[in-house]
Amino acid sequence: EEEFKWLLQEEVHAVLKQLQDILKEASHRFALPASGSGGAVKQENFVLSTSGTDQVKGVLMLQGDALCQADVNLKMPRNNQLLHFAFREDKQWKLQQIQDARNHVNQAIYLLMNRDVNYQFRTGSEVLKLMDAVMLQLSRARNRLTTPATLTLPEIASSGLTKMFTPALPPDILVNFYINLNKLCLTVYQLHVLQPSTTKNYKPAGGSILHNPGAMFEFGNQRYEVSHVHKVECVVPWLNDALVFFTVSLQLCQQLKDKISVFSSYWNYRPY
């Protein structure tokens with residue numbers, strides 16, 4: 001009983017403090033100034049590339065959760081014509097995945113700070129409940145970075161991203177930016193129009209993270225088929241750091257839960 005009391009009063013708070021420190025580090029990695037601090041967010045340049053092909057090349061400027069500049073060169077396979085697109089100067093593209101992950105981390109920090117050092121935990125189940133709530137936020141933060149949204153091709157075609165570029169993207173090009181783990185990815189789809197007289201069986205593609213050549217869809221009363229897909233990416237080191245912090249924090253939460261559970265099961269089944 002004394003050991004369990006010590007665990008609830010001392011060790012639980014030591015772990016909560018450790019978790020807060022780690023998650024504050026994770027939050028700082030998202031490179032956004034704390035509200036009201038007014039500090040500028042640093043801009044980072046990344047070169048997009050992929051091994052074995054130079055069909056698509058690009059340079060991106062990332063500022064926190066926003067792509068503030070994108071410069072993309074695309075070599076068309078049909079005629080080797082080189083197309084160049086860049087973001088309009090008045091445009092930025094918010095990466096919702098980064099925004100959401102940061103919000104979940106901050107929610108986890110808020111839960112931990114609500115139980116300061118003076119707070120007295122009375123039962124093991126109270127600690128388990130808190131750990132479950134923190135782990136839920138951390139799992140959601142990690143999932144936002146590891147699992148990009150599945151989109152249909154018409155959703156990509158109608159996204160605001162298509163209107164970001166100058167010169168405007170031609171109607172047979174679609175682009176999509178997303179985060180996958182510690183990488184920032186750009187996918188470029190080249191399309192060809194399906195003529196009404198075509199003998200191909202038209203079957204619209206569903207939602208996917210990455211569509212393959214042959215995928216068909218309808219947009220603006222016109223049917224298209226994906227002819228080529230190019231994916232280029234770059235590693236964002238601080239996303240890697242954040243994912244490591246999430247993993248370490250989840251392990252700490254689980255270890256504390258295991259300790260509490262051992263004591264609780266002994267407590268429930270001890271002989272009278």
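Tutor: Let's start with Leu181, which is found in the loop between E7 and strand E8 (183-193). You're looking at a predicted model, where local features need pLDDT of at least 70, side-chain atom pairs count only at pLDDT 80 or more, and totals for chains, interfaces and linings use all residues. Residues are numbered from 1 along each chain as its sequence is written, and side-chain values use heavy atoms, with hydrogens and water left out.

Student: Okay, why is Leu181 called partly exposed?

Tutor: Its relative accessible area is 43%. Buried means under 20%, exposed means over 50%, and partly exposed is what lies in between (1.4 Å probe, protein chains only). So 43% lands in the partly exposed range.

Student: And what makes the phi of Leu181 worth a look?

Tutor: That phi is near 60°, a positive value in a residue other than glycine. Most residues other than glycine have a negative phi, and most peptide bonds are trans. Asn221 also has a positive phi near 60°, and it sits in the loop between strand E9 (216-219) and strand E10 (222-235). Asn221 has 79% relative accessibility and counts as exposed. There's a cis peptide bond too, from Thr166 to Pro167, with omega near -10°. Pro167 is in the loop between strand E6 (165-166) and E7.

Student: How do you know that Arg29 and Glu25 meet in a salt bridge?

Tutor: Side chains of opposite charge can pair when their charged atoms come close. A salt bridge needs a side-chain nitrogen of Lys or Arg within 4 Å of a carboxyl oxygen of Asp or Glu. For Arg29 and Glu25 the N to O distance is 3.0 Å, so the pair passes. The two are four residues apart in helix H1 (residues 2-29), which puts about one helical turn between them. Glu25 is partly exposed at 35%, and Arg29 is partly exposed at 25%.

Student: Which other residue does Arg29 form a salt bridge with?

Tutor: Asp241, with the closest N and O atoms 3.0 Å apart. Arg29 lies in H1 and Asp241 in helix H5 (residues 237-269), so this pair ties together parts that are 212 residues apart in sequence.

Student: Where do Asp65 and Arg102 lie?

Tutor: They form a salt bridge as well, at 3.5 Å between the closest N and O atoms. Asp65 lies in the loop between strand E2 (56-63) and strand E3 (66-75), and Arg102 lies in helix H2 (residues 96-113), so they tie together parts 37 residues apart in sequence. Asp65 and Arg102 are both buried. Meanwhile, shared partners join Glu25, Arg29 and Asp241 into one salt-bridge network. The whole structure has 11 salt bridges.

Student: On to the rings. How many aromatic pairs are there?

Tutor: The count is six. Take Phe87 and Phe177, whose ring centres are 6.2 Å apart with planes at 85°. Rings of Phe, Tyr and Trp (its six-membered ring) pair if their centres lie within 6.5 Å, and planes under 30 degrees apart are stacked, over 60 edge-to-face and the rest tilted. So Phe87 and Phe177 qualify as an edge-to-face pair. Phe87, in strand E4 (residues 82-87), and Phe177, in strand E7 (residues 173-180), are 90 residues apart in sequence.

Student: Why is the pair of Phe217 and Tyr224 called stacked?

Tutor: Their planes are 20° apart and their centres 5.3 Å. That angle is under 30 degrees, so the label is stacked.

Student: What makes Arg223 sit over the ring of Tyr202?

Tutor: Its charged end is 3.8 Å from the ring centre. The rule wants NZ of Lys or CZ of Arg within 6 Å of the centre and within 35 degrees of the ring normal. Arg115 sits over Tyr119 as well, at 4.8 Å.

Student: Last one: which class is each residue in the lining of the largest pocket?

Tutor: Nine are nonpolar, five polar and three charged. Ala, Val, Leu, Ile, Met, Phe, Trp, Tyr, Cys and Pro count as nonpolar, Asp, Glu, Lys and Arg as charged, and the others, Gly among them, as polar.
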